[in-house]
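Colleague: I have a complex open on my screen and would like to go through it with you. Could you begin with the terms and then turn to the chains?

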Amino acid sequence: MSKEKVHGYIPDLTGQYRDGRVSRREFIRTATLLGLSAASAYGLAGTIDGIASPAHAQEAKPKGGVLRLETTVYDVKSPAVANTTAHPWIYSQVVEYLTVIGSDNVTRPHLLESWEPSDDLSVWTLRVRDGVTWHSGRAFTADDVIWNLTRLLSDEVGSSMLGLMKGYMLNDVDSGKTDENGKKIITHELWAPNAIEKVDDMTVRLNLKAPQLAVPEHLNHYQAVMLDPAEGGTFDVGSNGTGAFTLTEIEPGRGAVIEAVESYWGEGPYLDKVEFVDLGGGDQAIINALISGQVHGAFQVQPELARILEAQDHLTLYDVTTADTAVSRMRVTEKPFDDPRVRKAFRLAIDPAKACAVAFGPFATPAEHHHVAPIHPEYAKLPEWKQDVEGAKALLAEAGYGDGLEVELTIQQNPPHHLRSATAMQEMLKDAGVTCNINVVPNAQYWDMWTTVPFGTTVWAHRPLGVINLGLAYRSGGAWNESGYSNPEFDRLLTEAEAMPDPEVRRGKMAEIEALMQEDGPIVQTYWRKLLTFYDKKVVGFEMHPTYALFANKLAIRA
Amino acid sequence: MKRILINRIVQFLVILLIASFLLFAVTEFSPGNVAAKILGPYALDSQVRMLTGRLHLDDPLLTRYLRWLATLTGLLPNQLGGDATGLGLTDPRGAQYFGNFGFSLMQGRPIVDVLADRFAHTVTLAVWAIGLTIPISLALGVLAGTTAGSWIDRTITVITVTLTSLPEFVVSVALIFVFSASLGWLPGTSPLAQGDRWSEASQLVLPVAVLVIASSAYVTRIVRSSVVDTLARPFVRTARLKGLSPLRVTFFHVLRNALIAPITVILLQINWILTGVVVVEAIFAYPGIGRLMLEAALFGDLYLIQALTLISLTVAIATQFLGDLAYVLLDPRIRVA
């Protein structure tokens, strides 16, 4: 086995862990990000703290059998434009990612054997795993990686990878044309000809425009599966892949079937076949199917229905704490939210713990209005957030709204917890003299207005690092900056944080960012969701993942 | 009779043409950009604009309507197949054929294929539901009507009024609770999934039962009223005075005349079951036309919505047409008029 090349910062990080200046989670998280394998990181931590690596109590997994799982079955012909976390349930069993984020929120190489960032995090060397072959028998090489990454980063394909990596891989190009509103039409291109560079048959180098810590996480974005270039970017029954299964049937809206392939390079597969059953996404149907044993597990179960299923002897509850949340964001370009005093007053009026309890009961934890979760490795603990209704009233009066204020909060219709959460906020804002009318719209309609509505609640999925969401949602001109927030001080702090491999220094920077968000930011944020589901007790090897990811190759079923 | 038929067919085509244009006009005001829905909320403006152009969604309304009509009638090829959109849309029949509704953007398949599967399932449901509804409601309606005022009539009336008042989702949940969750005799959903341990037949039982309960309670009420009305008419009294047996009076004189009103209702039930059983199909996850309509509407799958609405209209007008025809056959006075 070749000796792992160690990033220059790893010795310092080890010293910090030994001295108790970074937590175990933070140590493992950062060490793996800097290219150390998860096994080595856990082992190194173990030499310091004496804690053994997670045993992953390996229950013997039986071979064979058919597993039936509930999920919405979408058209997956173009994984590059998949737009829900349910899409990859089907295709990611056949075509795989370069990296994988585990249920423990640690990123590991997958089709890559390793990655090595430069000390300044602006050059990332990706080594392709030796011995991985496509189902066709051809070896998986650097050319496959380059073809896929280049394709995902082109405007024509329509992948949201473009928004995710735009800041460090692409340049804006003025097309010279304007749209119907007279706005310039901007397209994109790789920022340099060698931005994606082939070093040799098994090595790719990413030369970044700006330092970036989260490259391995971005390579696990749900659209970033490696497709066979010979198939032109499409995916269908019989498509070539590197995964443990092959797709044998699919009918969007009804179901899909994947069957095990021989000689998979990784763990498993244990099952002969997995059948995905689409029940239309209706909660009632999902509950009925789980109770009557028509499916062995479900994509997810809403928290309000958990009690019904907990009473079923043949089912087991699986849940996971995540950084999945919704933020009630205020457009800073619209009155009254253009005044930071109003934004802060809205935050002061809210008690996140109460709002969280009303909406989710035990299946969520309170947030602190800054969109960095306690499970993020760079999370900095600030003084406990206190509701201050009098303070909120005083700020509103100072901003010229002493006689009260009327606003409209737009929320999505489903799931129902959006309305519960909004109603809790509505009642609390009332105490501060704010009349908040709730406008419930169909989900599809909300996504048409999410970047324009003055006050709206937007769902933000779990991302393994806090800086990822902050960069996407709040950086000036950020790809998904729905609030129009633009604060040079915030941008500067975030850019500095993103270039800091040292979690202790980064945490100091994050404390400044979080405090700035609480003082000036554009959001009210009350909860971090737990995701939950139920599986039949016969199913072995399942873990609920913070982004719902399914690893069917690790699942087995007892007779 | 021939003139009536020709008139009806012409009316039928004109209504379809007007309705199809109205559909386009309505979808013009429906919220959302389909390209943005396909690419998801996190796509950039430049990406959405490119796909909008490839899907021809930025063409004027009239241009899109005429192109759709020409594609449907096989005069023009569908422009969305092949590499045109980058979405991998392919149609094994080719790009130009009669009945080409285009592609479902939600499912990435030709709409003809999507409809064929779903319609077949809905027809199965309808055949069972209507096949059971008609004899049950005729038997109960005639029994209640011929025994009007008795305890039998009152019992049937109370039960049918109660069942008519209950929304379908209440009946569905009650049946699931009893037969699936409590007794475990039947599956709780009906996705007709391959390899399910429950047979397809067993998956049909509960949705069919809900539809039969909902339809037959209503039709029974109508049959009963019609029978009571008919029994009071002079020709029935004449038949009785002629000494005909009560059974003969009921089946040969009363029933034929009493069926005119219920036939319209039964045909409306067929129309409803074929195109509008959204609630039942959603609760049982039954893969029929109703669930498809709901999914298409939520996604904003324009071409699929247009196809489904056009088919619903066709079914509605066709059932009305059959109703008119039945009137003519059952009542010679209408033929003469």
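Modeller: A residue is called buried if 20 or more other C-beta atoms lie within 10 Å of its own, exposed if 12 or fewer do, and partly exposed in between, with C-beta atoms placed from the backbone. This is a predicted model, in which local features need pLDDT of at least 70 and side-chain atom pairs count only at pLDDT 80 or more, while totals for chains, interfaces and linings use all residues. Residues are numbered from 1 along each chain as its sequence is written, and chains are lettered from A and ligands numbered from 1 in the order in which they are written.

Colleague: What share of the residues of chain B count as buried?

Modeller: The figure is 39% of the 337 residues of chain B. The C-alpha trace of chain B spans about 85 × 60 × 30 Å along its principal axes.

Colleague: How many helices and strands does chain B have?

Modeller: Chain B has 15 helices and two strands; helices (H or I, at least four residues) and strands (E, at least two) are DSSP runs, numbered from the N terminus.

Colleague: On to domains. Where do they lie in chain B?

Modeller: Domain 1 covers 2–112 and domain 2 covers 120–301, with bounds from an automatic or database domain assignment. Their centres, taken over C-alpha atoms, are separated by 36 Å. Seven residues from domain 1 of chain B and five residues from domain 2 of chain B form the contact, where two residues are in contact if their C-beta atoms, placed from the backbone, lie within 7 Å.

Colleague: Is Gly288(B) buried or exposed?

Modeller: Gly288(B) counts as buried because it has 29 C-beta neighbours inside 10 Å. Gly288(B) sits in the loop between helix H12 (278–283) and helix H13 (289–299) of chain B. Not counting residues up to four places away in sequence, Gly288(B) touches Arg118(B), His121(B), Thr122(B), Leu125(B), Val277(B) and Glu281(B). Gly288(B) and Ala120(B) are 168 residues apart in sequence, yet 7.8 Å apart in space, C-alpha to C-alpha.

Colleague: And where is Ser215(B) placed?

Modeller: Ser215(B) lies in helix H8 (residues 200–231) of chain B. Ser215(B) is buried, since 26 other C-beta atoms lie within 10 Å. Leaving aside neighbours within four places in sequence, Ser215(B) is in contact with Ala129(B), Thr133(B) and Gln269(B).

Colleague: Now the interface. How many residues does each chain bring to the contact?

Modeller: Chain A brings 46 residues and chain B brings 47 residues. Of the elements of chain A, H8(A) gives the most to the side that touches chain B, with five residues. By class, that side of chain A has 18 nonpolar, 18 polar and 10 charged residues. Ala, Val, Leu, Ile, Met, Phe, Trp, Tyr, Cys and Pro count as nonpolar, Asp, Glu, Lys and Arg as charged, and the others, Gly among them, as polar.
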